Amino acid sequence: RIEEQEELNQALLGEKKKLQNAIQGLEEQLEEETMGNSKLMQDKSSAENKIKTLEEQITVNEDNISKLTRDRNTMEEKLAETQQALETEEGKHKQEHRQRLKLESHIQDLDEKFDRESKRRQELEKDKRKLQQEIAELQDQLAKALQRIEDLEAMQARLQKELAAMTQKAEE
């Protein structure tokens, strides 16, 4: 019976040792699980911080996107206004270009007309000088003719006097 008791005791001790080993294994496993759980809690906290940071960054990025969208819309409006102004200015430029070409053509016509009038005036001046020269020659010829007429009239008067004197002498 003692032997049985000892065997039983030995068996119980062996069982106790096994259970103590199992408990120790479970305690180690529990400690590992606790550390793993603690690490998971830290990872969870770190992930939550990262999520919070990312959410803040997303909010900032959304604000930036919103601001950039407003800026883009403003720039598109300004671009449209600028394009409209450019088209208006191009229209004005084309109009002014047509007017300039028209004026240049008119100036060219006036220059040609001026040249024709200048040539015509030169020809008229030349004709005027010729006519003045002809008038001077005719006046000179007229003066000579008048002088001859005076000479002839004087000669006629003298001849009439002589005739009258001869007629009187002949009557006497």
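The legends below describe an overall view and several close-up views of a predicted model.

Figure 1. The protein has one helix and zero strands. Its radius of gyration is 70 Å, well over the 16 Å that the globule rule gives for 172 residues, so the protein is more spread out than a compact globule. Along the principal axes, the C-alpha atoms fill a box of roughly 240 × 20 × 15 Å. Helix α1 covers residues 2-171. Buried residues make up 0% of the 172 residues.

**Figure 2. Surface and charge of the protein.** The protein exposes about 16,700 Å². Carbon and sulfur atoms supply 54% of that area. The side chains include 31 positive and 42 negative ones. The centres of these two sets lie 11 Å apart.

Figure 3. Which element holds both residues? K44 and E48 sit in helix α1. Because they are four residues apart there, about one helical turn separates them. E48 counts as partly exposed because its relative accessibility is 44%. K44 has a relative accessible area of 46%, so K44 is partly exposed as well.

**Figure 4. Close-up of the salt bridge between R100 and E104.** How far apart are the closest N and O atoms of this pair? They are 3.0 Å apart. Both residues lie in helix α1. The spacing is four residues, about one turn of the helix. E104 has a relative accessible area of 39%, which means that E104 is partly exposed. R100 is partly exposed too, with a relative accessible area of 44%.

**Figure 5. Close-up of the salt bridge between E117 and R120.** The closest N and O atoms of E117 and R120 are 3.4 Å apart. Here the spacing is three residues, about one turn of the helix. E117 and R120 both belong to helix α1. Are these residues buried or partly exposed? E117 is partly exposed, at 39% relative accessibility. R120 is partly exposed, with a relative accessible area of 48%.

**Figure 6. Close-up of a patch of negative charge on the surface.** Which residues gather in this patch? They are E27, E28, E31, E32 and E33. E27 lies in helix α1. Patch members have over 30% relative accessible area and no salt bridge.

**Figure 7. Close-up of a nonpolar patch on the surface.** L142, L146 and I149 form the patch. Together they have about 270 Å² of accessible area. I149 has its place in helix α1. At 40% relative accessibility, I149 counts as partly exposed.

**Figure 8. View of K16 and D63 along the chain.** K16 lies in helix α1. Its relative accessible area is 46%, so K16 is partly exposed. How many residues separate K16 from D63 along the chain? They are 47 residues apart. The C-alpha atoms of K16 and D63 are separated by 67 Å.

Conventions:
Residues numbered from 1 in each chain as written. Predicted model: local features only at pLDDT ≥ 70, side-chain atom pairs only at ≥ 80, totals over all residues. Heavy atoms only, no water. Patch = residues over 30% accessible without salt bridge, like charges linked within 9 Å, V, L, I, M, F, W, Y side chains within 5 Å. Areas by Shrake-Rupley, 256 points an atom, 1.4 Å probe, with all protein chains shown as cover. Salt bridge = Lys/Arg side-chain N within 4 Å of Asp/Glu carboxyl O. Helix = DSSP H or I, 4+ residues; strand = E, 2+ residues; numbered from the N terminus. Buried < 20%, exposed > 50% of the residue type's maximum accessible area, 1.4 Å probe, protein only. Rg over C-alpha atoms; globule rule 2.2 N^0.38 Å. Lys, Arg positive; Asp, Glu negative; His and termini not counted. Charge placed at Lys NZ, Arg CZ, Asp CG, Glu CD.
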